[in-house]
Amino acid sequence: MIGVIDVGGGLRGSYGAGVLDYCMDNDVVFDYGIGVSAGSANISSYLAHQRGRNYTFYTEYMSRPEYMGWKSILKTKSYVGLEYIYGDLSDSWGEYPLDWQAIVDNPAKFKIVSTNAYTGLPVYFDKSDMHQDDYGAIKASCNVPVVDRPYMLNGIPYYDGGISDPVPYEKAFADGCDKLVIILTRPKDYRRISKNDEKAARLLTHVYPSAGHDVLTRGEVYNRQVDEAVELEKQGKVLIVAPSDIGQMKTLTKDITTIRELYLKGYHDAQTIPAFVKGE
């Protein structure tokens, strides 16, 4: 079983959108997809075979005040308008509906990583946790700590899956994958500095200590997982697809030029995937 991981990364996720659009254009089929944060949205469109859908979200809808910014904060108390993005835009009556039935019909397994704010442990949702016009699992996975209030799902508060399992290759292998394509949205040699997360961790710890600990240690976890993925790549079990450079792009940076460039880089860099999938 060949799987794909998209680690997301807010608006840097445009890189993964480019990778997966290339895969659709070139009939690259994965048996398994696991997404973290924005990566879960990218993989959902891939499994629905809606080529270009995520590009529209990153380059067109992103500039709307309901999508991200102060208007969203005033309305929802969260910087990212999850209900707008994965509700108003994505529901069957929305502006660009997600083809949920196509995802259901797709035989590929689909996992979505989120973080239980109480325990700090990763939670892996699948298709059975979602329904037409009910994409709470994706919203939970994309919920950025501190700038967003926790996303409540079945009475449990959730945050971004990237704080507990940022590169979930272990989960993918445990689920039966033999080979993995891992889409990173930072250069392969990038290593996260934990000191940069200290302020956010302190703020979150007052309410959710376990989630706050996740934020404080996510640099250490991310760096370890990437190092291990690099070793697995040397063994031929993993292919890492990552941008050579992302400029000044951060998770919530609304730089349309860089977002488009990242998408095109992803599309270009994905050319290594077909041979890996075929075992060449």
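## Second largest cavity

Ala17, Leu20, Asp21, Met24, Asn42, Ser45, Tyr46, Gln50, Arg53 and Asn54 line the second largest cavity of this predicted model. A cavity here is a set of points, on a 1 Å grid over the protein atoms alone, where a 1.4 Å probe fits but cannot get out; lining residues have an atom within 4 Å of a point. The space inside the second largest cavity is about 40 Å³. Volume means the space filled by probe spheres set on the points, with grid points joined across faces, edges and corners.

Three helices each give at least two residues to this lining: helix 1 (14-25), helix 2 (38-47) and helix 3 (53-59). Helix 1 supplies the largest share, 4 residues. Helices are DSSP runs (H or I, at least four residues), numbered from the N terminus. By class, the lining has 4 nonpolar, 4 polar and 2 charged residues. Ala, Val, Leu, Ile, Met, Phe, Trp, Tyr, Cys and Pro count as nonpolar; Asp, Glu, Lys and Arg count as charged; the others, Gly among them, are polar.

## Largest cavity

The structure holds 2 cavities of 30 Å³ or more. The largest has about 60 Å³ of space. Its lining consists of Ala41, Ser44, Arg53, Tyr86, Ser90, Leu98, Tyr135 and Ile138. These divide into 5 nonpolar, 2 polar and 1 charged.

## Thr56 in helix 3

Thr56 sits in helix 3. Its relative accessible area is 16%, so Thr56 is buried (under 20% is buried, over 50% exposed, in between partly exposed, with a 1.4 Å probe and protein chains only). Leaving out residues up to four places away in sequence, Thr56 touches Tyr61 and Tyr96. Contact means heavy atoms within 4.5 Å.

## Helices 9 and 10

Helix 9 (residues 198-205) packs against helix 10 (residues 209-234) at an angle of about 175°, with the axes 7 Å apart. Helix 9 is therefore roughly antiparallel to helix 10. Axes are lines fitted to C-alpha atoms over the stretch in contact, and angles run from 0 to 180 degrees between N-to-C directions. Roughly antiparallel means over 145 degrees.

Helix 9 makes the contact through Glu198, Ala200, Ala201, Leu204 and Thr205, and helix 10 through Pro209, Ala211, Gly212, His213, Val215 and Leu216. By class, this contact has 7 nonpolar, 3 polar and 1 charged residues.

## Basis of the values

Residues are numbered from 1 along each chain as its sequence is written, and side-chain values use heavy atoms, leaving out hydrogens and water. In this predicted model, local features need pLDDT of at least 70 and side-chain atom pairs count only at pLDDT 80 or more, while totals for chains, interfaces and linings use all residues.

Conventions:
On a 1 Å grid over the protein atoms alone, a cavity is a set of points where a 1.4 Å probe fits but cannot get out, and a pocket is an open set with protein on both sides within 12 Å along at least five of seven lines; lining residues have an atom within 4 Å of a point. Angles under 35 degrees count as roughly parallel, over 145 as roughly antiparallel, 65 to 115 as roughly perpendicular and the rest as oblique.
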